[in-house]
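Here are my notes on this model, point by point. Please keep the structure open while you read.

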Amino acid sequence: MAAMKGAHRFILLLILSFAHGFRQGITPSRTATQLSVSSISRELLEQMVVKEQAAPRACDEHVWRQDKLERRLGDLWKGSHATAPLHSMEIDVGAAAAAPPVVILHGLLGSSRNFQSWAMQLAGMLEVPRRVILLDLRNHGESPHMPKMGYLDMAADVVRFLQHQKIDKASLIGHSMGGKVASAVALLFPEKVEALGVLDIAPVPYEDTGKNGVWTEVNTLLNALSEMPVSRSESSSVGEDSQDVGGDILGGKKEADAWLRDRGISDDGLRAFALTNMVADKDALGVSRLRWKIGIDVIRSSLGILGGFDIGQGLQESATAVGLTYPGDAFFVSGGRSQFIRSSHLPELSALFPNFKIAKIRDAGHWLHHEDPAGSQEMVKTFLDAQAQNNQ
């Protein structure tokens, strides 16, 4: 089936994207139960973000325990949750900001550095100067490792960052997984979001439970990465095993590349990208030892969650079941050779984002910001400048 093939490509292209660095009048039904659930979810997240203070990288403060949460949310929020202080990178625009900041969110296995060049060029193109900030999401880049990777958690991380930076409102631009995080922030905290830009992803579940499953190949990759004989990161998460994987510890990226190739990861670009998430340290004897910078085990165990879009309704339900909409302007950009945004997604987009527009870069795939940086920058620049002018 074409849909299944498109779904199959979702996670693979999601990762491969970093190896290279309409509107319809449909509105969701908002019952009293939905309104109650969504308002409670929002209230909890607000408390979580407002009450958090700067925390050490282990981030074990202000963990919300299951018994307290279940009394308030029932089955919508299970387990322990805490926000993470996200690492950020800011582009020096060389001028006083005249509009709310732009915050850019990367995708799975990426980091802020994947968008650094793209963001610098975008900042120089804007007619209305803005702060341009790039974040490392939890378990990625230089941000702390956390035991959970749900979209509620990651949305709360972003809002925590905005509050700690005293940013009342920002325009969010997210690619792939980062686009889902940005969408979750806009739905849960619309007053914090001036405008929403999403690059080649829809707020829908992409997973499939067919006989072979669409996760087979990505699980092969993540299994191989998690089994590599390297050290875990020095910034391990709450409850994350920080012990070395058994076997002789690999000392360099050439060894690691050969190790992955021998285990069936044949794509050169994919292997190279995966290895950007590793660093080499020297032990007491001066011997080089590789370690992961990312929270590889949590990422691996969260693939099903990341493929969905659970903001309180559960993985099996549409996000419209929560009863939330984002009233601001939303701009979705799809790659003409990508299957991530399809016509079947438009009713969901319209229900969640009534003021959405969509554009296509015909000769680009999922990694459109790399394949056509100028085209994607021009689209985002036009969208942001229009927002700034409308708000003057």
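1. The sheet comes first. Seven strands form an open sheet in the order E1-E3-E2-E4-E5-E8-E9, and the pairing is mixed. Its edge strands are E1 (88–91) and E9 (356–361), each pairing on one side only. From one strand to the next, the twist averages 20°. Keep in mind that this is a predicted model.

2. Now the pair E4 and E5. Strand E4 (residues 170–175) runs parallel to strand E5 (residues 193–199), and six bridges join them. His175 sits opposite Leu199 in E5.

3. Two helices meet the sheet. H4 (residues 116–125) packs on it and touches E1, E2 (102–105) and E3 (132–135). The direction of H4 makes about 35° with that of E1. H5 lies across E1, E2, E3 and E4, and runs at about 140° to E3.

4. H5 checks out on length. Its 14 residues (151–164) should span 20 Å at 1.5 Å a residue, and the end C-alpha atoms are 20 Å apart, which agrees. Of these 14 residues, 12 are buried, so H5 is largely enclosed by the rest of the structure. Just after H5, Lys166 has a positive phi of about 55°.

5. H6 (residues 177–188) has 12 residues. From first C-alpha to last it reaches 17 Å, close to the 16 Å expected at 1.5 Å a residue. How many of its residues are buried? The count is 12 of 12, so to speak a mostly covered helix. Among them are Gly178, Gly179 and Lys180.

Methods: Residues numbered from 1 in each chain as written. Predicted model: local features only at pLDDT ≥ 70, side-chain atom pairs only at ≥ 80, totals over all residues. Heavy atoms only, no water. Helix = DSSP H or I, 4+ residues; strand = E, 2+ residues; numbered from the N terminus. Expected span 1.5 Å × (residues − 1). Buried < 20%, exposed > 50% of the residue type's maximum accessible area, 1.4 Å probe, protein only. Pairing = 2+ DSSP bridges. Axes fitted to C-alpha atoms, helices over the stretch in contact; angles between N-to-C directions. Contact = heavy atoms within 4.5 Å.
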